[in-house]
Amino acid sequence: MLSVEDNELLTKVGPGSPMGDLLRRFWFPAMLEEEIAAPDSPPVKLRLLGEDLIAFKDTDGRIGILDAYCPHRRVHLYFGRNEECGLRCVYHGWKFDVDGNCVDMPSEPEETNFAHKVKQTSYPAVARGGMVWIYMGPKEKIPALPDFEWAYLPQMQRTSTKRLQQCNWAQAVEGGIDSSHISFLHSSTDAQFTANKNLPRRNKYLGIDRHPVFDVRDVDYGVLISARRNGEEDSYYWRITQCLMPFYQMIPPVVPEDDTSKASYTGHAWVPIDDENTWTWTFSANPHRDFTPKEAEISGGAGGMWGPIDENYRPVQNRDNNYMLDRVAQKNDTFTGISGIPNQDAAVQESMGPIVDRNREYLGQSDSAIIAWRRRIIEMAKNLSAGEEPAEAHHPEWYNVRSCSTLLRRDEDWQEGTAWLRAGGEVPKAAE
Ligand code: FES
Ligand SMILES: [Fe+2]
């Protein structure tokens, strides 16, 4: 449970809000690189942290992300012309480069021209890992990008997708780090489970032991979460996830075979569009080898395991059609009757309303990771308001980790036993 004040602090991200200020200290994914793939291609509307923005790639291939509204008379620059190294407003022809400089003001005669005095808000943007990353904080505090291993891998070894989620970012994060729901929300019915003897071993443990024992540790990048389930007679099945500040998560490998050291892994970023909408980013990576075409299709394609989305990245199964809930399937097949893991997640998270009232919850032992993440991020926001910068933003190397799932002997320490699986690979040195 949170106080009404802390819930407000946690969820509001607009300019000038304490949490908005904190999130603006970090680089994060803004859009897919393919949305503005070609120089001089059409500008694209963006909305992030409650700010309307416009993104474009200029003639020289540089990426610009500017305040969406022309500083002359506030026309939306979406209607602009992307030409000759700048975006030109179609109302009176003012033109802006990727840094927000007004480079042409053709509506004013030379003697009253004040182009040099006009500066449009612009945010630094960098392409990496198939995404465009943005930094929306004070220029003098700009850190290096986080060293996520997956963002450096060659294209054949990674995928990234985004989906619209119609609720506040914090309840999406909490849904992601809530490891205990997997045994319910994403499970098959008991009948279905018994009928299918060929389920991967990982799923077997998740299905048999529905009361995992959680161990949650505060670590440098955020929260390290282990969930212990009974494995074979002499072993435990461990599922280790990381929650990296402010809104990233790493998810253990989805592999039917036993060799977890060669496995791919998945992760999410929940980037606030505004207080009531979120981009749910999903990335998949295999640091050891290329994805097979089938794996690439499953993890990256819009029709893959993440389910179909429309041209605006909104899932086809959404709250307007109750996520296409099928009551017959719910009786005989899956726990929810909703197909697709992300649709199941979105259904429960969006059903809480745009911003859940955390003053009316009852939390249990299985919510310990959520409690730890909330405590940490609220403290970070309060500290920043008091003048203390978030160390996480300035240590990109902390972010080079992998999630894992594995069996360990019952007497083994999970942190020691999984350390080699959680270490990230080589990434280029941060150029700060
Ligand atoms: S409103 Fe954009 S140039 Fe006038
Ligand atoms: Fe889930």
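1. Domain 1 and domain 2 bury about 1,500 Å² between them, with 61% of that on carbon and sulfur atoms. Buried area is the accessible area (1.4 Å probe) that two parts lose on being put together, summed over both. The model is predicted: local features need pLDDT of at least 70, side-chain atom pairs count only at pLDDT 80 or more, and totals for chains, interfaces and linings use all residues. Residues are numbered from 1 along each chain as its sequence is written, chains are lettered from A and ligands numbered from 1 in the order in which they are written, and side-chain values use heavy atoms, leaving out hydrogens and water.

2. Where do the domains lie? Domain 1 covers 27-141 and domain 2 covers 149-422. These bounds come from an automatic or database domain assignment. Their centres, taken over C-alpha atoms, are 34 Å apart. Domain 1 brings 17 residues to the contact and domain 2 brings 18. Contact means heavy atoms within 4.5 Å.

3. Now the charged pairs. The rule finds 3 salt bridges across the interface of domain 1 and domain 2. A salt bridge needs a side-chain nitrogen of Lys or Arg within 4 Å of a carboxyl oxygen of Asp or Glu. The side chains of Arg47 and Asp274 form a salt bridge at 2.9 Å, N to O.

4. Next, the domain 1 side that touches domain 2. Strands E1 (27-32), E2 (44-48) and E11 (131-135) each give two or more residues to this side. E1 gives the most, with 6 residues. Strands here are DSSP runs (E, at least two residues), numbered from the N terminus.

Notes:
Helix = DSSP H or I, 4+ residues; strand = E, 2+ residues; numbered from the N terminus.
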